[in-house]
Amino acid sequence: MSKSLFWLSDEAWRAMEPHLPRGKAGKPRVDDRRVISGILHVLKTGCRWRDVPTAYGPPTTIYNRYNRWSQRRIWQRIFEKMAAAGPVPDELSIDSSHVKAHRSAAGSKKGEFSEAIGRSRGGRTSKIHALADDRGRPVAFALTPGNIADITMAIPLIGMVAKPKRLLADKAYDADSLRNWLKRARIKAIIPSTAARRTPYPLDHKAYRRRNLIERMFCKLKNWRRIATRYDRHAQNYLSALALAAIISAWI
């Protein structure tokens, strides 16, 4: 077995296998562990689906499993279940990161903006919005066009998870609307004030230093080549890639 291929370890498979779909009528699925390992190999290396090594089986089988389960949100539900299984963290960090959209991501009939691709001076980009817990593990994701403001997805993301006691964020999230919402929700805002504020809000500098956890989280995710560059035409497929990369890098 080639060392360059990605294979789910016994421990990783034991953690993931209970969350896979069960009870669907019809022909039994091809070996789940082999197919999912093939999907992860593509996401990790960035190769084309047609170039997936033969050790994983036919390329059409690998891609069809990834695509069909993406459309049914199965990959995302597995991530959400695994992320929600642990203790509720007192502290969450929020941030966003741009990803370049490859030319292969173009051409959706819905239009680029509907598939979370925007145009700006940096070209065609998407933006990953994420929440990370107090150990730097991702707990929620959202995807927007790259020219959407970071703060736009703050409240929707927080609404996806159990309410924390503190939220760490950078200056892009310094807005009275968000601060007031957090206050009503009894969440302490650890957000530095922008230079435009005449009277800056007090900041817990010791706590704010922990925001580097989410920055390191994005670095780990972008070690996966199909995360660092978006090749997927459909936003749902790219979100599935994020979910799978997060499961392997943080939750197994």
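## Basis of the model

Because the model is predicted, local features need pLDDT of at least 70 and side-chain atom pairs count only at pLDDT 80 or more, while totals for chains, interfaces and linings use all residues. Residues are numbered from 1 along each chain as its sequence is written, and side-chain values use heavy atoms, leaving out hydrogens and water.

## Helices α2 and α3

Helix α2 covers residues 32-45 and helix α3 residues 59-71, helices being DSSP runs of H or I with at least four residues, numbered from the N terminus. Their axes lie 9 Å apart at an angle of about 85 degrees, where axes are lines fitted to C-alpha atoms over the stretch in contact and angles run from 0 to 180 degrees between N-to-C directions. The two helices are therefore roughly perpendicular (65 to 115 degrees).

In contact (heavy atoms within 4.5 Å), D32, V35, G38, I39 and L43 of α2 meet T61, I62, R65 and Y66 of α3.

## Aromatic rings

Six aromatic pairs occur in the structure, a pair being rings of Phe, Tyr and Trp (its six-membered ring) with centres within 6.5 Å. The W69 and W75 rings, with centres 5.0 Å apart and planes at 50 degrees, form a tilted pair (stacked is under 30 degrees, edge-to-face over 60 and tilted the rest). Both W69 and W75 are buried (under 20% relative accessible area, with a 1.4 Å probe and protein chains only). Ring pairs also join W49, Y63 and Y66 in a cluster.

## Charges over rings

R65 lies over the face of W69, 5.2 Å from the ring centre, and the charged end of R179 sits over the ring of Y201, 4.1 Å from its centre. Such a placement requires NZ of Lys or CZ of Arg within 6 Å of the ring centre and within 35 degrees of the ring normal.

Conventions. Angles under 35 degrees count as roughly parallel, over 145 as roughly antiparallel, 65 to 115 as roughly perpendicular and the rest as oblique. Buried means under 20% relative accessible area, exposed over 50%, partly exposed in between (1.4 Å probe, protein chains only).
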